[in-house]
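Good morning, and thank you for coming. Please look at the structure on the screen while I describe a few of its features.

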Amino acid sequence: MATGSLTIDLDALVRNWQALDKASGSGVETGAVVKADGYGLGAAQVARALARAGARRFFVAVAEEGAALREVLGRAPEIYVFGGHMPGDADMLGDLDLIPMLNSVDQLTRHFEALAGTSFGIQLDTGMNRLGMEPGEWAAVAEVALTAGPKLVMSHLACADTPDHAQNRQQLEMFHAMTDGIDVPRSLSATGGILLGEDYHFDLTRPGIGLYGGLPFEDATPVAHLSLPVIQTREVEQGESVGYGSAWVAEEPGVIATVSGGYADGLIRAMGNTGHLFFDGVPCAIVGRVSMDLITVDISHLTAAPKALDILGPDQSVDDLADAAGTVGYEILTSLGGRYKRLYTGGAG
Ligand SMILES: *Cc1c(COP(=O)(O)O)cnc(C)c1O
């Protein structure tokens, strides 16, 4: 076996969803965000496991993802599209009963012209300035939109992973100002917002990263386990260099393991000379640059040559690895490549 094994623990995923559902509070529904192929872990397997666990509302970024998800989930679950109704989407949205979150007056007009009478939601901008209608736009179309009966009105927090950030409360107040008194289910919070407390929960929460074991959900159970096989080990003398650019030089004699996996597999180059792999809980430093298909690791302190080294799992979370690479857990997960042997455990419900 020359490629890494990526094991995805669907029981851990379900446990994370249940924990975030509990944190969302009673009377609040908990959806599931499965965009970007379920944060890189496989939207089909992830969504099936969550549907079995009781999730009824799923969120994707674009209509094409929704179409693939509909095939997996059947007719019953609701599938919302954050990107809204884009030109050319009408057939897909209508035929597959996908719910576009309309982000602008343009999208609203497009939707009402092409798919009058079909489901839609409204996304409002409360300060992130990324997607959604601004207060003035919303004021202009709210009456027409509400008469047509949206399924959901939502907004998104920019700083929810920083609980003390003043913008959280500002966006909360703006969301109240824009939606109080309307008779439509409301949603403001993703993973971070759930953890901010019940003021932020409204009728429905939309966790993503926390389901997959990432921060800011500190109590998450790890979902992704990635193990990389050792192809070769070699001894190096003091002064010998390892890898491209000779970016690491041995200060003393040692042993280097070369493992299968590199930046083409999403193990991004920035973790060269800083990250770690693990053997039975013992950290082993990445030495030299990360290559396209290979990583070199200092195993001088191990008593036996390992067959494989772990890079994600109980010893190292996606956020630990992200720290070493100067990025976020979201990017580590969604970068995981197509060459791994993917193994799904649990999730049978
Ligand atoms: C990605 C996304 C989510 C999920 O966010 P997490 O931080 O992964 O929980 C929720 N809502 C919107 C609009 C998103 O784009």
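**The largest pocket**

In this predicted model, 39 residues line the largest pocket, and Y39, H156, A190, I209 and Y330 lie nearest its centre. A pocket here is an open set of points on a 1 Å grid over the protein atoms alone, where a 1.4 Å probe fits, with protein on both sides within 12 Å along at least five of seven lines; lining residues have an atom within 4 Å of a point. The space in the largest pocket is about 760 Å³, a volume being the space filled by probe spheres set on the points. Its lining comprises 22 nonpolar, eleven polar and six charged residues, with Gly counted as polar and Tyr as nonpolar.

Where does the largest pocket lie? Domain 1 (31-212) and domain 2 (224-345) both contribute residues to the lining, so the pocket lies between them. The domain bounds come from an automatic or database assignment.

Let us turn to one residue. T191 belongs to helix α9; helices are DSSP runs of H or I, at least four residues long, and strands are runs of E, at least two. T191 is buried, at 2% relative accessible area, where buried means under 20% with a 1.4 Å probe. Its contacts, meaning heavy atoms within 4.5 Å, include R206, P207, I209 and F217.

Finally, helix α4 (residues 63-73) has A63, G66, A67, L69, R70 and L73 buried. Among the elements covering them are α3 (43-53) and β4 (57-60).

As to conventions, residues are numbered from 1 along each chain as its sequence is written. Local features need pLDDT of at least 70, side-chain atom pairs count only at pLDDT 80 or more, totals for chains, interfaces and linings use all residues, and side-chain values use heavy atoms, leaving out hydrogens and water.

Conventions. Buried < 20%, exposed > 50% of the residue type's maximum accessible area, 1.4 Å probe, protein only. Lists of a residue's contacts leave out its neighbours within four places in sequence.
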